Amino acid sequence: MPCRPAISSMSLGRAWVHGLPHKLDEAAKYGFQGVEIFFEDLDRPGGATPQNQIAAAHTIRALCDERDLTVIGLQPFMHYEGLRDRDEHARRIEKMKLWLQLAKILGTTVIQIPSNFLPQSEITKDIDSIVADMVEVAEMGAQQTPVINFAYESLAWATYIDTWDQCWDIVSRVDKPNFGICLDTFNIAGRVYADPALQSGKTPNADADMQASIERLIKTVDVAKVFYVQVVDAERLAEPLVDGHEYFDPAQPARMSWSRNCRLFYGEEDRGAYLPCKEITRAFLEGLGFEGWVSMELFNRSMNDPSPSTPAEHARRGAVAWAKIVRDFKLKAEQ
């Protein structure tokens, strides 16, 4: 299908601050055709019981249908692969059974799995173990009607799988038609090009390494296994994100704290955006020839802003970013 614009539900405001109906209203108003449902938006009074989450999924499906919004995926199924504690792994498999139900109710065929960032003491770097875990969920998804696909995404601060190359290696080894990759401009550039803990905000060989990474991506990745893409930028910090910085959290890697507080929409150089998102997006759309959902997955401190205008402002900025993408790459977007 032609490229179509989507946005993540939490990017319009955190679930404990802003109600989902209002967020979806603004997404539809500003021309988004799809939404990624972030799991926190399934929370409802009475606690996070399976019964409540199933009821919430039915409500969300109705809300989206009323606004002609497609649920493009459910995310994030966190801290899954490579667990050393196999009893915990078994509990995660039981949770996946619920997620498969939720995905079906929401009307989506995609569950996104971000790479694990638990401590090394809790997860293994053994590739065969990671692959075996991913084969297990892929086979579970393949038994569903319709088939549920899994989009694996490397996080820039993950414990082991922190680059698109490593993520693609896992996808290739799993070798299942319903197990693919989610490519994210932030997480690609945030690992190869950027380092918020340095004064420059960039890795020592940022430009050369980024160019080489883009060239490898175009040569390596099979676009048929790219289930969707996420396109966002991030803010260059005035000071390194180290102890003493307002966003520093001793429990988080610097890249994670930066991600949670400082992502920006595509083209927001006026707000301090500095990542090579245009070049990476060109690799997705022109180098790989990707067509499909392009999601604006923003995390930013502003998502916690209690102002009633926050969802509208984020939807507006996301729509401006999409218009820039359409213009920059001369997309024939589906209307």
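## Helix H8

Buried means under 20% relative accessible area, exposed over 50%, and partly exposed in between, with a 1.4 Å probe and protein chains only. Helices are DSSP runs of H or I with at least four residues; strands are runs of E with at least two; both are numbered from the N terminus. Seven of the nine residues of helix H8 (residues 254–262) are buried, so the helix is largely enclosed by the rest of the structure. Those buried residues are Arg255, Met256, Ser257, Trp258, Ser259, Asn261 and Cys262. They pack against helix H6 (185–192), strand S8 (232–234) and S9, where contact means heavy atoms within 4.5 Å.

This is a predicted model: local features need pLDDT of at least 70, side-chain atom pairs count only at pLDDT 80 or more, and totals for chains, interfaces and linings use all residues. Residues are numbered from 1 along each chain as its sequence is written, and side-chain values use heavy atoms, with hydrogens and water left out.

## Arginine 263

Arginine 263 sits in strand S9 (residues 263–265). Its relative accessibility is 1%, so arginine 263 counts as buried. Its side chain makes a polar contact of 3.0 Å with the side chain of serine 259. Serine 259 is one of the buried residues of H8. A polar contact is a pair of N or O atoms within 3.5 Å; within protein, one must be able to donate a hydrogen and the other to accept it, and residues adjacent in sequence count only if both atoms are side-chain atoms.

Neighbours within four places in sequence are set aside here. Arginine 263 then touches Trp157, Asp184, Phe186, Asn187, Val232, Asp233, Ala234, Trp258, Glu297, Leu298, Phe299 and Asn300.

## Lysine 23

Lysine 23 belongs to helix H1 (residues 20–29). It is buried, with a relative accessible area of 0%. Its side chain has two polar partners among the following. The backbone oxygen of serine 9 is reached at 3.1 Å. The side chain of aspartate 41 is in polar contact at 3.0 Å.

Residues up to four places away in sequence are not counted in the next list. Lysine 23 touches Ser9, Met10, Leu12, Gly13, Arg14, Ala15, His18, Asp41 and Pro311.

## Aromatic pairs

Rings of Phe, Tyr and Trp (its six-membered ring) pair if their centres lie within 6.5 Å; planes under 30 degrees apart count as stacked, over 60 as edge-to-face and the rest as tilted. The count comes to nine aromatic pairs. Phenylalanine 39 and tryptophan 99 are stacked, at 4.7 Å centre to centre and 10° between the planes. Phenylalanine 39 lies in the loop between strand S2 (34–38) and helix H2 (50–66), and tryptophan 99 in helix H3 (residues 86–106), so the pair ties together parts 60 residues apart in sequence. Both residues are buried.

Phenylalanine 117 and tryptophan 157 form an edge-to-face pair, at 6.1 Å centre to centre and 65° between the planes. Phenylalanine 117 lies in the loop between strand S4 (110–114) and helix H4 (127–142), and tryptophan 157 in the loop between strand S5 (149–153) and helix H5 (164–174), so this pair ties together parts 40 residues apart in sequence. Tryptophan 157 is buried, with a relative accessible area of 7%.

## Ring cluster and charges

Ring pairs link Phe39, Phe77, Tyr80 and Trp99 into a cluster. Arginine 92 lies over the face of phenylalanine 77, at 4.6 Å from the ring centre. Lysine 95 lies over the face of phenylalanine 39, at 5.6 Å from the ring centre. A charge sits over a ring if NZ of Lys or CZ of Arg is within 6 Å of the ring centre and within 35 degrees of the ring normal.

## Backbone exceptions

Most residues other than glycine have a negative phi, and most peptide bonds are trans. Glutamine 75 and proline 76 are joined by a cis peptide bond, with omega about -5°. Proline 76 lies in the loop between strand S3 (70–75) and H3. The bond from threonine 145 to proline 146 is also cis, with omega near -5°. Proline 146 lies in the loop between H4 and S5.

Histidine 79 is not a glycine, yet has a positive phi of about 55°. Its place is in the loop between S3 and H3. Aspartate 175 also has a positive phi of about 55°. It is found in the loop between H5 and strand S6 (179–184). At 58% relative accessibility, aspartate 175 counts as exposed.
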